[in-house]
Amino acid sequence: MSSVPDGKKLVRSPSGLRMVPENGAFNSPFSLDEPQWVPDKECPRCMQCDTKFDFIRRKHHCRRCGRCFCDKCCSKKVSLPRMCFVDPVRQCAECSLVSQKEMEFYDKQLKVLLGGGTFLVTLGSSEKSETMTCRLSNNHRYLFLDGESHFEVELSRISSMQILTDGTSPGGGTSRASGMLLHYKPMASQDAQQLRMEAADDKKVASLWLAAMHKAAKLLYEARDQ
């Protein structure tokens, strides 16, 4: 185990090398814990094709689900940033498909969220709105809102998220995201507060940011349900 810059450390687990925060409390809210591997003695056959393991047919564990498979059913090595692996790791066919879909979020949507969008922000039942730039923090833990004032929303304290749309787009296509309604608990408070965001200047950029946030919410809720 060796320390590296920016508050992270390199850790070797049975599944491979992982780059994790020095303090586990600062894990990304999108991260998943490594699964417990199914014990070898409880897995005489491949859990996908039922092939019996022997000296030639060796067993392999999927790094995402922890189940036991033959080489044919668990041959793909796919990136798994949600578990902080440095290199692509062995996954079963089902898990590899899920991880490949998630890579689009990390390659595209996450960059959009870090870049930010401009919104008209209303707190609680206030009638006063403020134009603010909203972006995801580099550690993925907070939404930073900056305008004349500044405040932060911790993603782990968001209790509900609703994407608002502006109806059907020209040409009869799908509706476009135009805003977002959040309910969250501020730090040191158990009382939920409402935050409403509506696209301001560049509605196209704001719509892309909201669509990315919608995908982020799915990962966030999945991590909570693990």
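Student: How many salt bridges are there between domain 1 and domain 2?
Tutor: Two salt bridges. Keep in mind that this is a predicted model.

Student: Which residue does Arg 82 form a salt bridge with?
Tutor: Glu 222. The closest N and O atoms of that pair are 3.3 Å apart.

Student: Where do the two domains run in the chain?
Tutor: Domain 1 covers 8–103. Domain 2 comes in two pieces, 116–167 and 178–225. The C-alpha centres of domain 1 and domain 2 are 33 Å apart.

Student: And how many residues from each take part in the contact?
Tutor: Domain 1 puts in 11 residues, and domain 2 puts in 10 residues.

Student: OK, what area is buried between domain 1 and domain 2?
Tutor: About 860 Å². Carbon and sulfur atoms give 63% of that.

Student: New topic. How much space lies in the largest pocket?
Tutor: About 360 Å³.

Student: Why does the largest pocket lie between the domains?
Tutor: Because domain 1 and domain 2 both give residues to its lining.

Student: Which residues lie nearest the centre of the pocket?
Tutor: Lys 8, Ser 28, Pro 81, Cys 84 and His 140. The lining has 17 residues. Strand 3, residues 16–21, gives the largest share, with three residues.

Student: What classes are in that lining?
Tutor: Nine residues are nonpolar, six are polar and two are charged.

Student: Back to salt bridges. What does the count come to?
Tutor: The count is 11 salt bridges. One pairs Glu 34 with Arg 18, at 3.3 Å from N to O.

Student: Where do Glu 34 and Arg 18 lie?
Tutor: Arg 18 is in strand 3, and Glu 34 is in the loop between strand 3 and strand 4. They are 16 residues apart in sequence, so the pair ties those parts together.

Definitions and conventions
Residues are numbered from 1 along each chain as its sequence is written. This is a predicted model: local features need pLDDT of at least 70, side-chain atom pairs count only at pLDDT 80 or more; totals for chains, interfaces and linings use all residues. Side-chain values use heavy atoms; hydrogens and water are left out. On a 1 Å grid over the protein atoms alone, a cavity is a set of points where a 1.4 Å probe fits but cannot get out, and a pocket is an open set with protein on both sides within 12 Å along at least five of seven lines; lining residues have an atom within 4 Å of a point. Grid points are joined across faces, edges and corners, and a volume is the space filled by probe spheres set on the points. Helices (H or I, at least four residues) and strands (E, at least two) are DSSP runs, numbered from the N terminus. Ala, Val, Leu, Ile, Met, Phe, Trp, Tyr, Cys and Pro count as nonpolar, Asp, Glu, Lys and Arg as charged, and the others, Gly among them, as polar. Domain bounds come from an automatic or database domain assignment. Contact means heavy atoms within 4.5 Å. Buried area is the accessible area (1.4 Å probe) that two parts lose on being put together, summed over both. A salt bridge is a side-chain nitrogen of Lys or Arg within 4 Å of a carboxyl oxygen of Asp or Glu.
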